[in-house]
Amino acid sequence: MLAFARNNLYLFTRLILLMKNIRMKTPKCYDRFLFAFFFSAVLSGCFQNYFIKRTITPTDDYPSTIERAKQENRFFILHSGRRAYAMTSLQVDQPQKQLVVKLDSIKPPHTLYVNNPLNRVYRIRKGESPVLTEIHLYTKDTTSFALNDAITIPVDRLTRVELLEKNITSSTTNHILSAVGVTLGLLTVILAIAIALKSSCPFVSGYDGTEFKLQGEIFGGAIYPSLQRNDYLPLQLKPLNGKLQVKISNELHERQYTDVAELWSIEHDPAVRIVPDEQGNIYALSKGVSPIEASVTGENVLTQVLNKDDSYFPFNTEEENNISHLQVVFAKTPDAKNSKLVLQLKNSYWLDYLYGDMISHMGSYFEKWSKLQKEKPAEELIKWKNEQAMPLTIEMKTSTGWKVVKTLTTVGPVAYREVVVPLDISKAEGDHVTLRLSSGFMFWEIDRVAMDYTPSTAYKVHKLQPVTAIDELGKDVKNELSSIDKNYLSQPVIGNVANISYEALPMNKEMTTTYILHTSGYYEHVRDFKGMPDVKFLTAFKNPGALSKFSVQRYHEMNKALAKAK
């Protein structure tokens with residue numbers, strides 16, 4: 001039961017943060033009340049999505065904006081005074097800058113926002129997902145229109161447009177909390193957990209044939225300009241009206257700078273999968289070979305890393321120097337000299353929390369410290385990360401001992417990512433390939449480990465540049481995303497979003513297509529900490545392994561707090 005609870009650590013994400021923040025302002029005698037209140041609230045929750053509205057001000061290019069909304073199969077709603085109408089047909093007269101439309105009454109679920117336009121929080125329950133396709137046009141007129149008649153609306157009579165889109169942060173949080181409600185009743189011991197508000201990198205969503213789905217984060221850990229790096233994110237995409245649609249958005253308290261967004265369309269044999277490594281090299285994979293052993297300090301954890309499922313290894317063993325290890329053993333294919341290690345992984349929300357907790361102790365000194373960090377060379381910043389065991393280190397057992405073959409940089413906690421690590425197994429000891437994966441205490445989550453011996457396969461890579469890239473204000477940002485040239489797409493505040501489209505290439509019936517989004521950039525945390533810096537606390541983090549040691553300490557502190565609250 002203890003292992004089960006540890007494995008579901010991430011489910012408690014926002015809950016404990018909220019309790020932690022409230023407790024900072026609340027007398028200790030209320031601790032038990034607060035814990036009981038929040039757990040009861042979670043247990044009574046249900047899975048919900050949330051949506052937000054993005055307001056666009058009309059511009060000279062406004063007819064083109066509406067055309068793009070038509071291509072996305074948006075549901076158009078016209079507001080005239082206090083009345084609202086469904087627009088059953090819409091033609092854009094570009095030369096005359098006017099719209100020719102037919103109107104009808106609005107039926108559920110599209111009445112959800114129309115009936116409650118002033119709500120601060122918008123929830124989507126079962127059967128209400130079509131709301132996410134809506135676009136609302138507001139006019140200066142207060143006319144009552146007849147239904148089914150064709151009417152003409154000059155563009156200059158429009159006062160504003162609102163797009164309804166999924167609120168990724170709130171929806172993700174709610175799903176996490178709802179999952180807590182499912183699992184809490186099964187726990188006999190409430191473990192120590194503490195997760196802060198999500199704080200990582202730009203979110204990427206892609207149209208998968210049904211909706212824009214959050215599919216991952218990009219250039220995780222590149223929190224200063226000197227740490228700018230390339231990233232290669234596999235995407236599940238389906239064409240929409242001949243275009244592949246991707247969104248890059250700022251959903252957090254950060255300033256985000258994206259230098260390029262190039263979509264790789266890769267044609268290949270459907271018998272293989274295409275997966276990149278950390279440097280963007282492409283590999284053809286088959287089903288892969290599972291390990292014959294997976295253990296931690298002698299304990300068998302093979303079932304946790306065999307399949308892509310909800311069971312994963314969380315690097316939660318307390319070992320020497322507070323570094324957690326996972327050892328996996330594969331049977332070596334005769335005469336094979338090279339292979340590919342395939343990992344399904346992500347960072348933990350716990351790591352996000354720890355880093356956020358650490359820097360919060362800087363108080364009002366944080367901004368000055370951030371400026372000093374920017375001036376440091378990348379090598380120095382990376383050295384500190386490595387010393388704190390933030391990367392995932394992969395070693396292979398050879399006849400002369402353990403040899404480091406790769407260190408993987410952080411990828412963020414929002415979504416699992418499949419990564420390939422090429423291996424030279426000619427020097428592996430004996431007739432097995434024995435690998436050791438290590439990280440700081442609960443910094444990573446490994447969902448699947450496999451070995452692949454698939455030979456090189458022919459494939460064709462088409463590197464697609466954006467056809468259009470429009471931000472939330474209707475501004476063209478295509479040039480900012482077309483090449484790595486330090487001309488950044490700047491997204492400094494929550495709600496910034498770039499809607500990017502690429503030309504979908506004709507499909508070869510005998511082949512299949514894999515999409516990989518190549519990006520480059522960096523981001524900066526925006527914080528408003530108060531008070532004096534805790535110098536004694538912060539000085540400890542100059543020592544190697546301090547962050548992992550802090551992780552273990554925090555884990556036990558919260559375990560005790562939760563035990564008292566029961």
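**A tour of selected strands**

Begin by selecting strand E22, residues 417-424: six of its eight residues are buried, so this strand is largely enclosed by the rest of the structure. The model in the viewer is a predicted one.

Now turn to an open sheet formed by six strands. Colour the strands in the order E17-E16-E18-E23-E20-E21, and note that their pairing is antiparallel. Which strands stand at the edges of this sheet? They are E17 (299-300) and E21 (401-408). Each has a single partner strand, so one side of each is left without a neighbour in the sheet.

Remain at E17 and select strand E16, residues 293-296, as well. Two bridges join E16 to E17, and the two strands run antiparallel. Within this pairing, Ser295 stands opposite Asn300 in E17.

Is Leu164 buried or exposed? Its relative accessible area is 0%; because the cut-off for a buried residue is under 20%, Leu164 counts as buried. Then display Ile52 together with Leu164: the two residues are 112 residues apart in sequence, while their C-alpha atoms are 5.7 Å apart in space.

How values were computed. Residues are numbered from 1 along each chain as its sequence is written. This is a predicted model: local features need pLDDT of at least 70, side-chain atom pairs count only at pLDDT 80 or more; totals for chains, interfaces and linings use all residues. Side-chain values use heavy atoms; hydrogens and water are left out. Buried means under 20% relative accessible area, exposed over 50%, partly exposed in between (1.4 Å probe, protein chains only). Helices (H or I, at least four residues) and strands (E, at least two) are DSSP runs, numbered from the N terminus. Two strands pair if DSSP finds at least two bridges between them.
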